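Biologist: Could you take me through one part of this model slowly? I'm new to reading structures, so please spell out the terms.

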Amino acid sequence: MAQAIGAEVPLTPGRDIPVETLWNAWTEVTGTRTTDERYGLSNRNTQGNLTVGLDRQITSDIVAGLSVGSQTNHGSGYRGNLRTDSDGFVIGPYAALRLSPAWAADASFSYTRLDSDAEISVLSGSATVQSYATTLGLSGQYVVNEWFIRPKLSVSYTVNDSDTRNMSGILAGIPIAISLPGGNSDYGLAEAYTEFSRLFALNNGIYVIPYLELGVHYEYKRANDGRIQTGDFSYATPSGWYGSVRTGVRAQLSNNVLLEGGVGYLSLGQNGRDVWEGKLRVSVGF
């Protein structure tokens with residue numbers, strides 16, 4: 001049964017199929033729901049991403065590709081007095097290199113541009129937010145009896161740039177206009193995962209692979225050194241450490257088609273903050 005996954009570590013998630021193909025096309029839909037009630041906050045945020053990608057095998061151990069997608073965000077805070085909406089696009093190249101049958105390295109760069117609308121009480125205004133992110137990763141695969149163990153390490157660094165936001169509104173019949181200056185912020189994240197999975201063969205030739213992934217995350221760089229404003233407008237600095245757990249199922253419909261669905265809880269150890277994630281992915285090799 002293990003041959004249905006492949007003896008070597010896959011170079012990309014879309015290439016987790018039994019045969020090596022010259023091209024691989026994939027699409028992924030993710031949704032995230034965050035609630036944050038720490039320190040008297042009442043923040044809510046939902047984010048949706050639709051991404052498509054295409055990569056090509058350069059050699060038997062190297063692939064390179066490009067992904068492009070859309071992103072939407074809806075948020076509220078301070079008991080509904082703050083509301084935000086943004087939408088835009090994400091684009092960037094990625095590549096992977098197989099270092100050995102058990103290990104592979106990957107790298108990606110992405111550019112994000114969002115049009116952001118905000119409402120603060122009676123004031124509203126728009127701004128453009130741009131982000132530049134670089135990610136480096138190292139992933140492995142080991143077989144123990146009928147189980148697959150896949151460790152993964154990654155580190156990412158993101159630079160965010162927001163332009164000036166001009167806010168305007170009417171209070172008690174009086175027009176009000178203020179200008180909120182733009183600014184830059186950096187965000188760095190180091191992550192370590194381990195996935196445990198097992199392959200089962202069905203009678204119709206389909207293979208299913210349920211998996212469980214455990215992760216540890218550390219935000220080594222945060223805006224304002226991690227300080228956030230609380231519900232009473234004072235400041236607090238939450239820990240930069242948290243854990244995650246994801247579970248799902250992959251299905252190999254043939255030697256070149258892979259489907260995946262999964263859910264995750266991404267805020268273990270952050271009491272008062274809950275982050276839930278859902279994901280659907282399909283990839284085709286040709």
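Biologist: In the hairpin that S7 and S8 form, how many residues lie between the two strands, and which residue in the turn has a positive phi?

Modeller: Two residues lie between S7 and S8, and the one in the turn with a positive phi is asparagine 145, at about 55 degrees. Before we go on, some ground rules. This is a predicted model, where local features need pLDDT of at least 70 and side-chain atom pairs count only at pLDDT 80 or more, while totals for chains, interfaces and linings use all residues. Residues are numbered from 1 along each chain as its sequence is written, and side-chain values use heavy atoms, with hydrogens and water left out.

Now for the strands. Helices (H or I, at least four residues) and strands (E, at least two) are DSSP runs, numbered from the N terminus. The protein chain has 18 strands and zero helices. Its C-alpha atoms fill a box of roughly 70 × 35 × 35 Å along the principal axes.

Strands count as paired if DSSP finds at least two bridges between them. S7 covers residues 142-144 and runs antiparallel to S8, with three bridges joining them. One of those pairings puts valine 143 across from phenylalanine 148 in S8.

S8 has other partners too. It spans residues 147-162 and pairs with S6 (residues 123-140), in the antiparallel sense, over eleven bridges. Look for tyrosine 132, whose bridge partner in S8 is valine 159. S8 also pairs with S11 (residues 183-198), again antiparallel, over 16 bridges. There, tryptophan 147 stands opposite arginine 198.

Rings of Phe, Tyr and Trp (its six-membered ring) pair if their centres lie within 6.5 Å; planes under 30 degrees apart are stacked, over 60 edge-to-face, and the rest tilted. That rule gives eight aromatic pairs, and ring pairs link Tyr132 with Phe89 and Tyr111 into a cluster.

Buried means under 20% relative accessible area, exposed over 50%, and partly exposed in between (1.4 Å probe, protein chains only). Of the 286 residues, 38% count as buried. Glutamate 28, in strand S1 (residues 23-36), counts as buried because its relative accessible area is 17%. A polar contact is a pair of N or O atoms within 3.5 Å; within protein, one must be able to donate a hydrogen and the other to accept it, and residues adjacent in sequence count only if both atoms are side-chain atoms. The side chain of glutamate 28 makes one with the side chain of arginine 281, at 2.7 Å.

The other is aspartate 274, in strand S18 (residues 273-285). Aspartate 274 counts as partly exposed because its relative accessible area is 29%. Its side chain has a polar contact of 2.5 Å with that of tyrosine 265. Contact on its own means heavy atoms within 4.5 Å. Leaving out residues up to four places away in sequence, aspartate 274 touches Arg33, Thr34, Thr35, Tyr265 and Ser267.
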